[in-house]
Amino acid sequence: MSRQAEYQALRDRHVPKGASHATPAFIKEARGAVMIDVDGRELIDFAGGIGVMNVGHSHPKVVAAIQDQAAKFTHTCFHVAMYEPYVDLAARLNDLSPGDFHKKTMFANSGAEAVENAIKIARHATGRPAVIALDGAFHGRTLLTMTLTSKVKPYKLGFGPFAPEVYRMPNAYCYRCPFGLRYPSCGVACADHLEEFFVGNVAPEQTAAVIAEPVQGEGGFVTPPPEYFAKLQAICSKYGIVLVIDEVQTAMGRTGKLFAIEHWGIAPDVVTTAKSLAGGLPLSAVTGRAELMDGPHVGGLGGTFGGNPVACRAALAVLEVLVEDGLLARAEQLGAELRRRLDVLQRRFELIGDVRGKGPMLAIELVRDREKKTPATDETKKLVKRCYEKGLVLIACGNFGNVIRTLMPLVITDEQLDRGFEILESALQEISQAR
Ligand SMILES: Cc1ncc(COP(=O)(O)O)c(C=O)c1O
């Protein structure tokens with residue numbers, strides 16, 4: 001029995017099936033954009049632990065920062081005795097995030113926790129209960145964030161009752177426009193729709209926050225048109241509603257910019273980050289206008305592990321790698337190269353209905369028929385499986401599970417990219433022929 005099979009049996013016995021795994025891989029080592037499984041097989045990583053490894057697995061600067069901090073101390077709890085890395089990282093994120101105004105940052109452990117805190121802060125600041133989220137949104141798995149999340153299976157089924165005062169409006173899904181319109185003649189009606197939404201769903205005077213991802217991650221890399229967020233922001237400002245931009249998946253260079261919302265040229269009131277922030281250690285942040293962030297009373301925000309010193313040191317190293325070492329520039333180049341390669345695949349395979357995204361955060365949506373856009377869900381599952389068998393780790397997303405996304409470490413080499421694309425192409429070829 002392989003070590004992999006041995007551990008699969010142990011996993012099945014000891015770990016609940018609800019904690020899913022996209023591939024049966026057990027990893028013993030990972031470096032850059034390559035993972036090695038426990039039997040010694042090399043896997044090209046196009047998933048980056050779901051968008052966590054932007055600077056690559058085991059980046060030497062991140063490893064060094066973790067080792068150095070771990071040898072000094074690993075925990076005091078910021079609420080008991082404070083430490084420099086927490087404040088240094090907060091200052092860095094306040095400086096680097098969009099917006100020329102005074103900002104403050106607090107830390108938590110996961111993306112979901114960051115979103116929970118962002119909503120607490122928005123509710124406290126406005127004294128209002130309601131939150132508007134979008135179709136296709138994913139904000140996490142806690143009660144509030146699961147409620148904010150759109151997709152029912154697997155995220156919500158059987159887990160209700162849900163948190164109150166969450167409303168959902170259509171998203172800017174141009175490939176499957178919920179209003180049946182076409183960009184640009186639509187005039188980005190999906191953003192203007194917010195005004196109408198207030199009439200039939202919830203009053204603006206009752207709305208604390210509108211929350212949106214710049215590029216919807218789990219929702220299928222749905223990417224709004226350039227005018228979208230400015231329009232949304234103008235409506236929010238008109239009614240004193242806090243615009244929360246959830247950058248848990250999109251920030252830290254994933255789209256070629258440090259924060260994806262920079263592509264849309266707005267500075268949101270509050271931004272949430274996590275995933276790639278600390279290069280694989282659990283850390284999330286809420287960064288926002290100082291007057292909003294300072295709303296909650298002393299003790300109203302925080303948690304035992306939030307802003308752990310080892311994680312903060314790792315995040316400071318991640319920012320150094322991205323900003324000072326030029327990884328953002330590499331991300332932009334990678335984005336252009338990925339777009340070129342995916343466009344070639346789309347021309348070649350009927351199965352690819354749409355290519356979309358920003359920078360190196362790109363996706364292909366697979367459809368059985370380009371005219372009707374019938375989601376090719378089974379084909380997507382087969383594609384992920386075949387690619388894994390050939391040595392490439394890919395993950396799917398989208399409400400129909402028919403979207404393949406690129407979340408590879410930004411440090412991927414040209415040779416690794418070539419190998420990954422060879423596998424993807426040959427698997428697409430097999431699946432297209434078998435139809
Ligand atoms: C946009 C977004 N928000 C929130 C979350 C939740 O993050 P976590 O799984 O760290 O709780 C995710 C996770 O995929 C995400 O993509």
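This report covers a ligand site, a helix pair and some backbone features of a predicted model.

## Basis

The model is predicted: local features need pLDDT of at least 70, side-chain atom pairs count only at pLDDT 80 or more, and totals for chains, interfaces and linings use all residues. Residues are numbered from 1 along each chain as its sequence is written, and side-chain values use heavy atoms, without hydrogens and water.

## Ligand site

Polar contacts are pairs of N or O atoms within 3.5 Å. A polar backbone atom of Ala112 lies 2.8 Å from a ligand oxygen. A polar backbone atom of Phe138 is 3.4 Å from a ligand nitrogen. The side chain of Lys275 places an N or O atom 3.0 Å from a ligand oxygen. On its own the ligand has 390 Å² of accessible area (Shrake-Rupley method, 1.4 Å probe), and the protein covers 84% of it.

## Helices α4 and α10

Helices are DSSP runs of H or I with at least four residues, and strands are E runs of at least two, numbered from the N terminus. The axes of α4 (residues 84-96) and α10 (residues 309-324) come within 9 Å and cross at roughly 35°. Axes are lines fitted to C-alpha atoms over the stretch in contact, and angles run from 0 to 180 degrees between N-to-C directions.

Contact means heavy atoms within 4.5 Å. On α4, the contact residues include Tyr86, Leu89 and Leu93. On α10, they include Cys312, Leu316 and Val323. The contact counts 11 nonpolar, no polar and five charged residues.

## Backbone features

Two cis peptide bonds sit in loops. Gly160 to Pro161 has omega near 0°, and Pro161 lies between α6 (143-148) and β6 (166-169). Tyr183 to Pro184 has omega near 5°, and Pro184 lies between β6 and α7 (189-200).

Ser58 is not a glycine, yet its phi is positive, about 50°. Its loop joins α2 (48-51) and α3 (60-72).

Key:
Ala, Val, Leu, Ile, Met, Phe, Trp, Tyr, Cys and Pro count as nonpolar, Asp, Glu, Lys and Arg as charged, and the others, Gly among them, as polar. A polar contact is a pair of N or O atoms within 3.5 Å; within protein, one must be able to donate a hydrogen and the other to accept it, and residues adjacent in sequence count only if both atoms are side-chain atoms.
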